[in-house]
Amino acid sequence: MERISIRRAVANDADEAAAMFSAALKSMAFFPKLHSDEEDRLFVRRFIVEEETWIALRDGRVIGLACIEGDRLAHLYVDPTHHNRGAGTALLNRVKAERPTGFDLWTFQANTGARRFYERHGLTAVECTDGSRNEEQLPDVRYAWSGS
């Protein structure tokens, strides 16, 4: 595994984190990108400032992020050029450390890579929906981690 550091995001990280976020969304063939890169930038800036957001860095560059809202992992994205190199695991481990009694998250049913990742790290699928409650209108699945 490459050397990855995790730290709490600050407002100055927003532009770089948003560029990574947009690249991650564009890399998912099943995902309908509904927002411009500028809208993504404003969205990421908001959740960095208002929520608990952690970033993964390699050589000082943002390569991933995890945003926790209450007991929900609202966002976990890794730069597609850094998939399968430890950043996602490092971020998920931080979330587990920050929420030791458990948390849940939603991902799309079509996101088989994310589903394998979460299952490999001890999360359990607890609910599936037809996607009518999400903006993208894609079938989704809720995962839960019950704590250590």
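D37 is partly exposed, with a relative accessible area of 39% (buried means under 20%, exposed over 50% and partly exposed in between, with a 1.4 Å probe and protein chains only). This is a predicted model, in which local features need pLDDT of at least 70 and side-chain atom pairs count only at pLDDT 80 or more, while totals for chains, interfaces and linings use all residues. Residues are numbered from 1 along each chain as its sequence is written, and side-chain values use heavy atoms, with hydrogens and water left out.

**Salt bridges**

- The structure holds 17 salt bridges, each defined as a side-chain nitrogen of Lys or Arg within 4 Å of a carboxyl oxygen of Asp or Glu.
- D37 pairs with K26 through a salt bridge of 2.9 Å, N to O.
- K26 lies in helix α1 (residues 14-26) and D37 in helix α2 (residues 37-50), so this pair ties together parts that are 11 residues apart in sequence (helices, H or I of at least four residues, and strands, E of at least two, are DSSP runs numbered from the N terminus).
- R7 and D13 also form a salt bridge, at 2.8 Å, N to O; R7 is partly exposed at 33% relative accessibility, whereas D13 is buried at 8%.
- In the salt bridge between D59 and R58, the closest N and O atoms are 3.7 Å apart; D59 is exposed at 69%, and R58 is partly exposed at 26%.
- Salt bridges with shared partners join R72, D104, E127, R133 and R142 into one network.

**Nonpolar cores**

- The largest nonpolar core has 22 residues, and those with the most contacts inside it include L73, L92 and F103 (a nonpolar core is a set of buried Ala, Val, Leu, Ile, Met, Phe, Trp, Tyr and Cys residues joined through side-chain atoms within 4.5 Å).
- Among the elements that each supply at least two residues of this core are β3 (61-69), β5 (103-108) and β7 (140-145).
- Helix α3 gives the most to this core, with four residues.
- Apart from this core lies another, of 21 residues, among them A18, L25, I48 and F108.

- Helix α3 (residues 87-98) has 12 residues and reaches 17 Å from its first C-alpha to its last, close to the 16 Å expected (1.5 Å times one less than the number of residues).
- Buried residues of α3 include L91, L92 and V95.
- F117, found in helix α4 (residues 112-120), is buried at 12% relative accessibility.
- Leaving aside neighbours within four places in sequence, F117 is in contact (heavy atoms within 4.5 Å) with G88, T89 and L92.
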